[in-house]
Amino acid sequence: MITTATIWTVIVILGVGTFLIRFSFLGLIGGRDLPEWVLRHLRYTAVAVLPGLVAPLVIWPQATGGQPDLARAIAAVATVAVGWWTRSVLGAMIAGAAVLYGVMALGAFA
Amino acid sequence: MTQTTTKSAYMTGLRDGLPFLLVIAPFSLLFGVVATEAGLNILQSLMFSVVVIAGASQFTALQLMVDQTPTFIVLATALAVNLRMAMYSASLTPWLGAAPVWQRALISYFLVDATYACAITRFEKEPQWTVNQRFFYFLGAVTPVCPVWYVLTVVGALIGTAMPTWLALDFAVPICFLAMIAPMLRTIPHLAAALVSVTLSLVLAFVPFSLGLLIAALAAMMTGAQAELWMKQRATA
């Protein structure tokens with residue numbers, strides 16, 4: 001049993017702490033110019049964080065208890081391939097979902 | 001700044017954020033369910049989602065509290081999960097740093113994986129946008145994502161059932177983010193950074209407190225920056 005005091009303590013401190021993490025650079029640096037070498041690193045933030053964030057979810061899906069899953073792996077490859085060739089985010093999402101459900105349906109009937 | 005351009009920026013954000021409904025819906029429902037099972041009442045579940053508004057860290061904190069972990073460890077671990085958001089904050093600073101402080105505070109509160117991915121993609125595509133247009137774009141991307149997070153947390157807490165597993169909605173997360181990432185891989189430095197990110201995050205998956213991802217991300221940013229320098233030097237040589 002979690003005590004009421006613990007729950008509210010965690011909610012408030014985690015909320016404030018998370019806000020401060022998010023506000024850090026936007027808040028402190030604001031409109032000041034950043035040096036070129038910093039900007040050069042920041043240009044790669046999205047491709048540096050997001051692929052690492054999802055890679056474990058693709059290789060060790062939670063839904064299968066962490067066991068690699070063929071349908072999910074193929075769907076991930078299809079999503080990246082279509083997104084890369086067409087440059088269409090929506091097209092890549094649709095392709096990924098179609099492949100995921102397609103392979104899962106094949107697996108269910110096989 | 002005319003009314004129509006801020007409005008169209010907002011609408012563009014709304015459209016870009018819409019697919020992430022599929023990511024947010026199952027996770028917020030599930031959070032409501034898990035929070036109720038852990039003994040939280042509806043107000044506590046809702047406030048958890050409103051005050052913290054960071055899915056992965058909410059699940060982490062809840063699980064640790066259920067395991068009777070000391071509060072200090074709960075907080076340290078859940079905050080470590082959110083440290084990547086400092087990188088998002090830094091990455092958006094060149095685009096939104098000139099906005100008034102209340103706007104930057106609002107953006108910070110709503111800075112989640114989905115809204116960040118939308119914003120950075122669109123800002124790079126529309127470099128001519130004003131800071132005000134970027135702000136309204138961001139609010140547009142927030143609209144289909146964050147309110148849904150609050151509402152479905154309550155729905156999950158009330159009905160006590162998550163999405164059926166055969167829908168495989170767990171995989172909406174990788175598909176949505178991979179679809180955003182793939183078109184970003186337009187240069188060799190971007191490709192190199194993404195490869196380092198994937199490889200190191202898998203190799204460092206054992207590192208506690210989600211710090212493996214942070215190390216992987218820093219190494220990937222350095223890879224991208226260094227590769228860009230090399231390519232420039234080769235082009236001028």
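In what order do the elements of chain A run from the N terminus on? They run α-α-α-α-α, and the count for chain A is 5 helices and 0 strands. Please keep in mind that this is a predicted model.

**Chain A as a whole**

- Chain A has a radius of gyration of 21 Å, whereas a compact globule of 110 residues would have one near 13 Å.
- The C-alpha trace of chain A spans about 55 × 50 × 20 Å along its principal axes.
- Buried residues make up 42% of the 110 residues of chain A.
- If you take the contacts in chain A between residues at least 6 apart in sequence, 35% of them join residues at least 24 apart.

**Where chains A and B touch**

- Chain A gives 65 residues to the contact, and chain B gives 80 residues.
- On the side of chain B that touches chain A, the largest share comes from helix H6 (residues 84-96) of chain B, with 12 residues.
- Sorted by class, that side of chain B holds 60 nonpolar, 15 polar and 5 charged residues.

**A helix pair across the two chains: H1(A) and H5(B)**

- The crossing of H1(A) and H5(B) is right-handed.
- From H1(A), the contact draws on Thr6(A), Thr9(A), Val10(A), Ile13(A), Leu14(A), Gly17(A) and Thr18(A).
- From H5(B), the contact draws on Thr71(B), Val74(B), Leu75(B), Ala78(B) and Leu79(B).
- The residues where H1(A) meets H5(B) comprise 7 nonpolar and 5 polar ones, with no charged residue.

**A helix pair inside chain B: H2(B) and H3(B)**

- The axes of helix H2 (residues 21-37) and helix H3 (residues 42-51) of chain B come within 9 Å, crossing at roughly 135°.
- H2(B) and H3(B) are therefore oblique to each other, and their crossing is right-handed.
- On the H2(B) side, the residues that meet H3(B) are Ser28(B), Phe31(B), Gly32(B), Ala35(B) and Thr36(B).
- Their partners in H3(B) are Ser45(B), Phe48(B) and Ser49(B).
- By class, the contact of H2(B) with H3(B) has 3 nonpolar residues, 5 polar residues and no charged ones.

**Two loop residues with positive phi**

- Gln68(B) sits in the loop between helix H4 (55-66) and H5 of chain B.
- Although Gln68(B) is not a glycine, its phi is positive, near 60°.
- Is Gln68(B) buried or exposed? A residue counts as exposed if 12 or fewer other C-beta atoms lie within 10 Å of its own; Gln68(B) has 10, so Gln68(B) is exposed.
- Phe209(B) lies in the loop between helix H12 (188-203) and helix H13 (211-236) of chain B.
- Phe209(B) is also a residue other than glycine with a positive phi, near 60°.
- With 16 other C-beta atoms within 10 Å, Phe209(B) is partly exposed.

Terms used
Residues are numbered from 1 along each chain as its sequence is written. Chains are lettered from A and ligands numbered from 1 in the order in which they are written. This is a predicted model: local features need pLDDT of at least 70, side-chain atom pairs count only at pLDDT 80 or more; totals for chains, interfaces and linings use all residues. A crossing is left-handed if the near helix is turned anticlockwise from the far one by less than a right angle, and right-handed if clockwise. Helices (H or I, at least four residues) and strands (E, at least two) are DSSP runs, numbered from the N terminus. Two residues are in contact if their C-beta atoms, placed from the backbone, lie within 7 Å. Ala, Val, Leu, Ile, Met, Phe, Trp, Tyr, Cys and Pro count as nonpolar, Asp, Glu, Lys and Arg as charged, and the others, Gly among them, as polar. The radius of gyration is taken over C-alpha atoms; the globule rule is 2.2 Å times the number of residues to the power 0.38. A residue is buried if 20 or more other C-beta atoms lie within 10 Å of its own, exposed if 12 or fewer, and partly exposed in between; C-beta atoms are placed from the backbone. Axes are lines fitted to C-alpha atoms, for helices over the stretch in contact, and angles run from 0 to 180 degrees between N-to-C directions. Angles under 35 degrees count as roughly parallel, over 145 as roughly antiparallel, 65 to 115 as roughly perpendicular and the rest as oblique.
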